[in-house]
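This report walks through one protein structure, from its helices to its sheets and then to a few single residues. Please keep the sequence and the structure in view while reading.

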Amino acid sequence: IVYLRPNQLFDAGFMLSYAGVASIVYIEPVISDFLRPRYFKRSGGGKNIFEKLKEYVSKSVSITVAAWLGTMPLVASYFNIISPSAMLANLVAIPMLFFIMILAIFLAFTGQFGFLSAVSYCLAGSVGGALVILVDILRFVMGVPFSWVKISSPFFLSTLLFYLGILGLIVFYRKMKSKTLVIVFLLFSANIFLWNEVLKFPPQEITITFFDAGEADAAFIEFPDGRNMLIDGGLKDEKRKRDSGRTILANYFWKKGIRVIDCVVVTHPHADHLGGVLYVLENFRVNTAIVNGKYLRDPLRMGFCGDFLREVQKKKIALIEVKKGDLINGFSGMRFVVLNPSEKKFTNLNENSVVLKGITDKGNSVLFCGDIEQKAMTDMLKSKESFRADLVKVPHHGNGLGETSIMREFFCKTKAKDFVISNGDVKSIDKDLVEILKQLKASIYVTGFQGAVVIKERKGGFKLCKIFEINH
């Protein structure tokens with residue numbers, strides 16, 4: 001398989017399959033030998049049914065534990081989860097699946113003959129009923145408190161040490177037959193994952209990540225003191241079963257070991273900005289939520305807004321409404337000025353987007369424009385507030401911004417050299433906008449074309465650090 005398709009070597013399914021089989025072959029004998037003398041008596045003569053049952057249970061437990069141990073680091077790396085309950089679930093699932101498979105084989109056979117239709121009907125009902133029972137049992141097991149734990153992606157060194165520990169356990173246990181050795185290994189492996197969590201440090205410089213969330217907005221700022229800020233959460237579309245909060249943001253946070261979001265900013269209550277925030281509120285501890293507030297409590301627009309407000313109230317999250325001129329402080333190395341919404345009440349939700357200008361202690365600045373369009377841009381152009389910035393998140397995904405002359409004046413006044421456009425459809429970006437940015441000799445980064453964009457504050461200003469894709 002690897003010879004024909006080398007990339008399969010890094011496929012999660014491929015690695016888990018082979019790790020599981022290798023674990024059963026090499027680790028299971030150690031676990032079996034460790035368990036059997038302690039809990040089950042060997043029989044010198046013939047084995048009665050109770051002894052056979054004991055041996056079956058012992059074998060099942062040792063196989064399950066071996067497979068779980070051997071695949072645990074890979075599951076943690078790919079899915080950011082450790083699930084001790086998987087061992088109990090497998091003890092139930094494997095015998096039941098074997099039983100269901102036997103029934104399914106008989107069903108496939110009887111289904112070929114019309115005169116056995118009554119038998120087929122009974123078998124089909126049995127298979128369906130068994131599957132329902134199995135699913136209910138697995139849901140119950142997974143619902144038990146602490147049945148699974150979310151962890152950050154383990155370091156490569158942690159994973160290497162873990163497997164070296166397994167190798168050492170196999171080699172030395174065969175020679176020493178020491179139960180203490182098994183216990184020492186289990187403590188050793190637990191400490192590896194513990195230190196993996198402890199040794200996750202925040203970046204030394206301000207880091208901004210613009211996620212590839214399609215035609216939606218989601219940006220994340222990490223500060224040197226470990227605090228962070230999420231500006232919008234991308235799209236939630238129940239019809240198309242898309243949720244940026246679940247498939248993009250949560251995966252990113254869990255992989256980096258981020259469990260607390262200090263501040264969530266919702267620029268305006270549209271599904272492509274607010275939608276993904278809901279999953280973050282439900283699954284992470286959020287300390288503060290910042291909104292413009294103008295339309296958030298409008299009964300005609302409850303939808304996601306209602307869900308957002310209920311979750312904020314349920315989790316007792318501090319809710320702050322901001323307007324033009326407000327200051328946001330409390331983050332290491334950066335302060336924020338609110339440039340929109342103004343006192344004017346636009347009927348278009350986009351025009352009332354929260355616009356933030358972040359200014360670092362080193363004098364560098366970044367402008368987050370939400371989805372403002374021509375009216376809000378015109379209002380900002382008339383304002384005395386400076387929105388000059390080194391880095392600009394282009395508003396409204398780079399389209400529908402209004403007259404070319406307004407766009408040119410607005411972006412020229414920013415004097416920025418780097419622009420990020422959050423859009424999954426490159427063809428939908430306004431051609432006039434692209435020409436304007438090219439005339440400014442600016443660098444343009446489009447998330448839908450280049451993937452997530454990571455920018456860090458380095459000596460001399462904000463610098464592109466890397467562009468990467470997040471599996472969603």
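Predicted model: local features only at pLDDT ≥ 70, side-chain atom pairs only at ≥ 80, totals over all residues.

Which residues of helix 6 are buried? They are Ser 158, Thr 159, Phe 162, Gly 165, Ile 166, Leu 169, Ile 170 and Tyr 173. When one looks down the axis of helix 6, these buried residues fall within an arc of 135 degrees, so they line one face of the helix.

On the other side of helix 6, Phe 156, Leu 157 and Lys 175 are exposed. Just after the helix comes Lys 177, which takes a positive phi of about 50 degrees.

## The chain as a whole

The protein chain holds 15 helices and 19 strands, and its C-alpha trace spans about 95 × 60 × 50 Å along the principal axes. Of the 472 residues in the chain, 48% are buried.

## A bend in helix 3

Helix 3, which covers residues 49–79, bends by about 45 degrees at Thr 71, and a proline, Pro 73, follows within four residues. After helix 3 comes Asn 80, whose phi is positive, near 55 degrees.

## Strands and their partners

Strands of a sheet pair through backbone hydrogen bonds, and they do so either parallel or antiparallel.

Strand 3 pairs with strand 4 (residues 218–222) in the antiparallel sense over 4 bridges, and here Phe 210 stands opposite Ala 219. Strand 3 also pairs with strand 18 (residues 452–458), again antiparallel and over 4 bridges, where Val 454 is the bridge partner of Thr 209.

Is Phe 284 buried or exposed? Its relative accessibility is 7%, and because buried means under 20%, Phe 284 counts as buried. Phe 284 sits in the loop between helix 10 (277–283) and strand 9 (285–291). Leaving out residues up to four places away in sequence, Phe 284 touches Ala 250, Phe 253, Trp 254, Ile 258, Arg 259, Ile 261 and Lys 315. Although Phe 284 and Arg 259 are 25 residues apart along the chain, their C-alpha atoms are separated by 5.8 Å.

Glu 282 lies in helix 10 and, at 45% relative accessibility, counts as partly exposed. With residues up to four places away in sequence again left out, Glu 282 touches Glu 311 and Lys 315. Glu 282 and Asp 390 are 108 residues apart in sequence, and their C-alpha atoms are 34 Å apart in space.

## Backbone angles to look for

Most residues other than glycine have a negative phi, and most peptide bonds are trans. The peptide bond from Asn 340 to Pro 341, however, is cis, with omega near 10 degrees, and Pro 341 is placed in the loop between strand 12 (334–340) and strand 13.

His 396 has a positive phi near 50 degrees and lies in the loop between strand 15 (391–393) and helix 13 (404–414); at 16% relative accessibility, His 396 counts as buried. Lys 441 has a positive phi near 55 degrees and belongs to the loop between helix 14 (431–439) and strand 17, but Lys 441 is exposed, with a relative accessible area of 73%.

Technical notes
Residues numbered from 1 in each chain as written. Heavy atoms only, no water. Buried < 20%, exposed > 50% of the residue type's maximum accessible area, 1.4 Å probe, protein only. Helix = DSSP H or I, 4+ residues; strand = E, 2+ residues; numbered from the N terminus. Arc of directions from axis to C-beta. Bend = angle between axes of the 7 residues up to and from the residue. Contact = heavy atoms within 4.5 Å. Pairing = 2+ DSSP bridges.
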